[in-house]
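Please keep the structure in view while reading, and locate each residue as it is named.

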Amino acid sequence: MKMNKITTLLFVPLLLLCGCTADDDYTQGVWKEKSDFDGLARGYACSFTIGDMGYVCCGYTGKKYLKDIWIYNVEKDYWTQGADMPDAAPARMKAMAFAVNGKGYVLTGSIKESPYYLSDTWEYNPDTNAWTQKDDYKDGARMGGLAFAINGYGYAGMGYNDNYLKDVYRFDPSAASGSQWTIVSGYGGSKRRFGSVFVINDEAYICCGENNGTYVDDFWKFNGTTWTQLRDIANNDDDNDYDDDYNIVRYSAPAFVIDGKGYLVGGAQGSMLSDYWIYDPSTDLWYGDSDDNYTTFQGSTRLGAVSISTGTRGFVVTGMSGSSDAFDDTWELLPYEKDYDD
């Protein structure tokens, strides 16, 4: 009987110890595969979000340039097709897109034939499922630029047209034809193509990208009036250790917002990446995969993916793993769930 009592006492703390170890064996965030994108697999599409609907337009299959648009119902998890861009709008990839006042805008991009770069702007009205041509982008043709919307205006710029660019223009959807684009001054950052942008509380955050063969590491905030430079996204500050583990620089990384924080997923830095990073605007700090406790993206690594961002949910859609291997999958990040190891 004494041996039985001793054995029982020994087993209880052992079981408790095992339970604690198992509870700690997880990574933060769960990637959930959603309904496959119904259109052709593609990379280098463009996207915008209106309410709980995500829109993915154009892109490249590896053989064919596209001009179709597909609509994702975030709440019900299914895709439907909208009207193709009209005959006057060339099929394209690497275009820019934003949404303002319930309408989406697709502009610029690259095409197969010379002169290769586009400068046109097209408005998509989801209520009528129709496209309308607007003023051409003010400062010329390009591809791989950045676009976003804040305070009822669209903004677009940067990119590449045989030269790296850093200009930014504002689009006023209520302005008369011929005066819809105006220059925005004050940006003192790097030129870039294939950068990333996300919007939190009507402030746009611009980061990443590539400029003349180097990864861009400056980081900027814009509120529609003032540009503010934030902390670099690389380990450039010798006097502080907050950035010791930063490995954020990359290009072609989709970005979205969940509950007031920015999320940056994948992209490439020499090779294609599967990590994700989270930006907290209240501290101007990033945290992510370098801490070794965030679940890596569970789809195939890729370039040219797009994002859908409702502000409370974020998705990564489509992309390419090479010059011809395109994807048609849809992934959602559930950032508060834990992924336990088997």
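Is Asn129 buried, partly exposed or exposed? With a relative accessible area of 33%, Asn129 is partly exposed, and its place is in the loop between E8 and strand E9 (130-134). The model is a predicted one, and the points below are grouped by topic.

**Salt bridges**

- Side chains of opposite charge can pair when their charged atoms come close.
- Across the whole structure, a search finds eleven salt bridges, and the pairs described here are among them.
- Glu123 and Lys103 form a salt bridge in which the closest N and O atoms are 3.9 Å apart, and this pair links distant parts of the chain, since Glu123 sits in strand E8 (residues 117-125) while Lys103 sits in strand E7 (residues 103-110), 20 residues apart.
- The two partners can also be described by their accessibility: Glu123 is buried, with a relative accessible area of 8%, whereas Lys103 counts as partly exposed at 28% relative accessibility.
- Asp218 and Arg192 meet through their side chains in a salt bridge of 2.8 Å, N to O, and this pair, too, links distant parts of the chain, 26 residues apart.
- Asp218 lies in the loop between strand E17 (214-215) and strand E18 (220-222), and Arg192 lies in the loop between strand E13 (181-183) and strand E14 (196-200).
- Asp218 is buried, with a relative accessible area of 7%, and Arg192 counts as buried at 0% relative accessibility.

**A network and a patch of charge**

- Glu332 forms a salt bridge with Arg313, with the closest N and O atoms 2.7 Å apart; Glu332 belongs to strand E28 (residues 326-340), and Arg313 to the loop between strand E26 (306-309) and strand E27 (314-320), 19 residues apart.
- Both Glu332 and Arg313 are buried, and they belong to a network of salt bridges that links Lys34, Glu75, Arg313 and Glu332.
- On the surface, a patch of negative charge gathers Glu33, Asp36, Asp38 and Asp328.
- Asp328 is found in strand E28, and at 31% relative accessibility it counts as partly exposed, which is enough for a place in the patch because patches are made of residues with over 30% relative accessible area and no salt bridge.

**Cysteines without disulfides**

- A search of the whole structure finds zero disulfides, where a disulfide would need a pair of cysteine sulfur atoms within 2.5 Å.
- The closest cysteine sulfur to that of Cys58 is in Cys57, at 3.3 Å, so it is too far for a bond; Cys58 counts as buried at 1% relative accessibility.
- For Cys207 the closest cysteine sulfur is in Cys208, at 3.7 Å, and therefore also too far for a bond; Cys207 counts as buried at 0% relative accessibility.

**Backbone angles**

- Most residues other than glycine have a negative phi, and most peptide bonds are trans.
- Asn101 has a phi near 50°, a positive value in a residue other than glycine; Asn101 lies in the loop between strand E6 (96-100) and E7 and is exposed, with a relative accessible area of 62%.
- Asn129, the subject of the opening question, has a positive phi near 55°.
- Ser114 and Pro115 are joined by a cis peptide bond, with omega about 20°, and Pro115 is found in the loop between E7 and E8.

Note on methods. Residues are numbered from 1 along each chain as its sequence is written. This is a predicted model: local features need pLDDT of at least 70, side-chain atom pairs count only at pLDDT 80 or more; totals for chains, interfaces and linings use all residues. Side-chain values use heavy atoms; hydrogens and water are left out. A salt bridge is a side-chain nitrogen of Lys or Arg within 4 Å of a carboxyl oxygen of Asp or Glu. Helices (H or I, at least four residues) and strands (E, at least two) are DSSP runs, numbered from the N terminus. Buried means under 20% relative accessible area, exposed over 50%, partly exposed in between (1.4 Å probe, protein chains only). Patches are made of residues with over 30% relative accessible area and no salt bridge: like charges are joined within 9 Å, nonpolar side chains (Val, Leu, Ile, Met, Phe, Trp, Tyr) within 5 Å. Accessible areas come from the Shrake-Rupley method with a 1.4 Å probe; for residues, only the protein chains shown count as cover. Lys and Arg count as positive and Asp and Glu as negative; His and the chain ends are not counted. The place of a charge is taken as NZ of Lys, CZ of Arg, CG of Asp or CD of Glu.
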